[in-house]
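Subject: Structure handover

Hello,

Here is the structure I promised to pass on. Please open it first, then read the notes below it.

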Amino acid sequence: MRPIKACLQCRTAKRKCDRKHGSACSQCAVRNIACSDSVKAVTLTPPPARLPLPPRASPVDEETILLVDLYFRFIHDQPHSLFHKPSLRSSVLAGLVSKPVLYGILGNAARFAHDPAIRARGATYIAKAKAALKDCLEEISLENIQACILIGNTCFGDCNADAESLYFVLAIRMCQILKLGTVNEADDGVTRETKRRIFWSCFIIDTWASGGSDLSRQFQWRANGPRLPMNEVDFDAMRPGDSDVPESKWRPGFWAYMVSLVEIYTKIMNFYVLLAETHEWDEAMIDEEVRNLDRQLTEFDNSLDPEWHFSPENLRAFTEKGIGSVFVAFHLGYHHYWTLLFYQYLDRRRPATRNGKAYSDRCKTHARIVCDILRLSRSDSKAPGMYNIVGHLTIVSSSVLLHTYLFGETYELEDAKRRLESNLESLVQLRGYWPSVELMIHRLVVFQKNCIWSMGRNTYRFDKWMVKFLIAHSLALEDKEEGAQMQAEALPDHVPGIEPLERTRITHSMFMDLQGADWNLVPTGSSSHS
């Protein structure tokens with residue numbers, strides 16, 4: 001009789017394997033994943049055409065089913081893409097999902113439940129996820145990567161950015177140890193695509209979380225990296241045991257486009273960090289770099305089919321396909337990147353450049369599009385943009401609208417005020433789900449104060465403080481030193497074309513309504529993490 005050999009999954013995860021020739025091991029059966037033979041056997045025996053679903057192990061309560069559905073509606077495929085929906089639902093019903101993953105899903109989703117009692121259990125679910133993960137933390141597996149990302153997502157939303165970073169780093173390191181960017185011939189199509197999506201989720205999370213906390217990235221872009229994620233509709237239609245989609249039939253999905261864009265975002269971040277550290281700006285160099293990044297984003301834009309661009313009609317079409325929320329997430333990020341690229345040209349102190357006015361106008365245009373996306377998302381229950389980082393994107397868009405209202409031309413005022421009010425509605429809604437949004441709102445208040453102070457001395461400038469405001473979203477934002485020095489000085493009675501006092505009173509009233517109490521226009525002095 002042929003001796004028992006560990007399957008690749010157990011060998012990789014360093015688990016005890018009881019696999020016998022021709023049958024799946026109990027470890028893989030519990031995890032509902034394809035069970036390969038030994039390395040030698042894999043080269044000789046192809047994977048089965050279709051693996052049967054495991055038997056239902058135990059009944060699942062209605063609350064669990066409800067929260068899994070809420071997770072897929074409000075979170076999955078937006079800040080991360082970790083699961084094959086049909087497979088996960090089947091595993092949940094069969095009671096085969098690992099405890100850290102299941103409790104992580106429930107903890108993320110509980111905040112969206114209508115029942116206050118269920119919402120209140122969200123913290124308990126996350127505590128159980130953390131405890132269950134701690135018990136098996138040294139097991140390097142897909143499930144633990146998924147659990148780390150789920151827990152990290154709630155840590156940031158609950159105002160613990162340091163813990164978020166720790167869990168995300170664990171996920172990224174496990175991803176690297178398991179070499180998820182390398183194809184395993186023993187995997188079926190669902191498993192391969194799931195691994196790709198986890199790999200690229202880690203890549204995007206690394207970019208955003210590192211920048212948000214002003215920490216070093218763990219991943220670097222690789223031209224020979226794994227295939228990009230496939231079309232979301234095609235992936236949802238796959239079943240366990242299906243072969244991988246051949247290159248000739250592969251279609252990109254929104255997550256493929258997100259991956260392509262995030263490296264441009266990294267270049268924008270690095271460019272702004274360089275500017276903030278440079279005392280004497282080389283305007284020619286700056287314009288050349290902006291033109292280069294503008295060209296890359298424009299080429300990306302031109303590569304999109306018309307139905308992939310943002311419009312109410314396209315949103316409805318993708319919502320009917322069941323992926324309206326993914327469409328919203330993609331375009332919120334996409335137009336946020338455009339807004340960031342041209343943000344520096346809002347600075348009225350900058351010397352005149354050939355494209356400066358056009359870039360400033362384009363910054364405002366994309367900030368307005370972010371506002372439009374948020375407004376349409378609020379009105380469509382099947383396309384919600386309610387994950388926590390949307391708060392930061394809304395703050396940046398709002399800062400452009402606020403700056404436009406305080407410093408813009410008369411013809412811009414009504415539209416800027418209307419859109420700013422719309423964004424504040426989104427922030428109120430988001431704040432109801434994610435405590436971290438309250439801290440993000442405070443960052444916008446600090447931005448407003450510095451805009452007001454700059455009216456008298458025209459000190460608004462793109463600097464390290466502005467880089468922190470735009471990118472380091474996990475860090476508390478202090479008042480500018482020069483702004484604090486000017487706070488006791490009276491604003492001038494009139495600045496030509498600005499009418500500062502009246503505009504300031506209006507925006508101040510808007511922020512009072514947002515908070516429900518008066519925002520105190522004095523320096524905060526806080527420098528802690530959010």
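**What was found**

In the protein chain, residues 24 or more positions apart account for 73% of the contacts with a separation of 6 or more. Contact means heavy atoms within 4.5 Å.

Two points on how to read this. The model is predicted, so local features need pLDDT of at least 70 and side-chain atom pairs count only at pLDDT 80 or more, while totals for chains, interfaces and linings use all residues. Residues are numbered from 1 along each chain as its sequence is written, and side-chain values use heavy atoms, with hydrogens and water left out.

**Overall make-up**

The protein chain has 23 helices and 0 strands. Both are DSSP runs numbered from the N terminus: helices are H or I with at least four residues, strands are E with at least two. The chain has 530 residues, and 58% of them count as buried. Buried means under 20% relative accessible area, exposed means over 50%, and partly exposed lies in between (1.4 Å probe, protein chains only).

**Helix 11 and helix 13**

Two packed helices are described by the angle between their axes and the distance between the axes. Helix 11 covers residues 189–213 and helix 13 covers residues 254–276. Their axes come within 10 Å and cross at roughly 25°. Axes here are lines fitted to C-alpha atoms, for helices over the stretch in contact, and angles run from 0 to 180 degrees between N-to-C directions.

Helix 11 and helix 13 are therefore roughly parallel to each other. The classes are as follows: under 35 degrees is roughly parallel, over 145 roughly antiparallel, 65 to 115 roughly perpendicular, and the rest oblique. The crossing of helix 11 past helix 13 is left-handed. That term applies if the near helix is turned anticlockwise from the far one by less than a right angle; clockwise makes a crossing right-handed.

Which residues make the contact? On helix 11 they include Arg 197, Trp 200, Phe 203, Thr 207 and Trp 208. On helix 13 they include Trp 255, Met 258, Glu 263, Thr 266 and Met 269. By class, this contact has 10 nonpolar, 4 polar and 2 charged residues. Ala, Val, Leu, Ile, Met, Phe, Trp, Tyr, Cys and Pro count as nonpolar, Asp, Glu, Lys and Arg as charged, and the others, Gly among them, as polar.

Look at Thr 266 in helix 13. Thr 266 is buried, with a relative accessible area of 4%. Leaving out residues up to four places away in sequence, Thr 266 touches Thr 207 and Arg 217.

**The end of helix 11**

Ser 213 lies in helix 11. Ser 213 is buried, at 7% relative accessible area. Not counting residues up to four places away in sequence, Ser 213 touches Ala 161, Ser 165, Ser 474 and Leu 475.

Asp 214 lies in the loop between helix 11 and helix 12 (232–237). Asp 214 is exposed, with a relative accessible area of 61%. Asp 214 also has a positive phi of about 60°, although it is not a glycine.

Ser 474 sits in the loop between helix 21 (464–470) and helix 22 (481–486). Ser 474 is buried, at 0% relative accessible area. Ser 474 and Asp 214 are 260 residues apart along the chain, yet their C-alpha atoms are separated by 8.5 Å.

**Helix 17 and helix 19**

Helix 17 (residues 356–379) and helix 19 (residues 413–431) pack at an angle of about 50°, with their axes 9 Å apart. They are therefore oblique to each other. Helix 17 passes helix 19 in a left-handed crossing. Among the contact residues are Arg 368, Asp 372, Arg 375 and Arg 378 of helix 17, and Asp 415, Arg 419 and Glu 425 of helix 19. This contact has 2 nonpolar, 4 polar and 7 charged residues.

**Cysteines**

How many disulfides does the structure hold? There are 0, a disulfide being a pair of cysteine sulfur atoms within 2.5 Å. For Cys 175, the nearest cysteine sulfur is that of Cys 202, 4.3 Å away. Cys 175 is buried, with a relative accessible area of 1%. Cys 363 is buried too, at 0%.

Cys 159 is found in the loop between helix 9 (142–157) and helix 10 (161–177). Cys 159 counts as partly exposed, at 27% relative accessibility. The phi of Cys 159 is near 75°, a positive value in a residue other than glycine.

Best wishes
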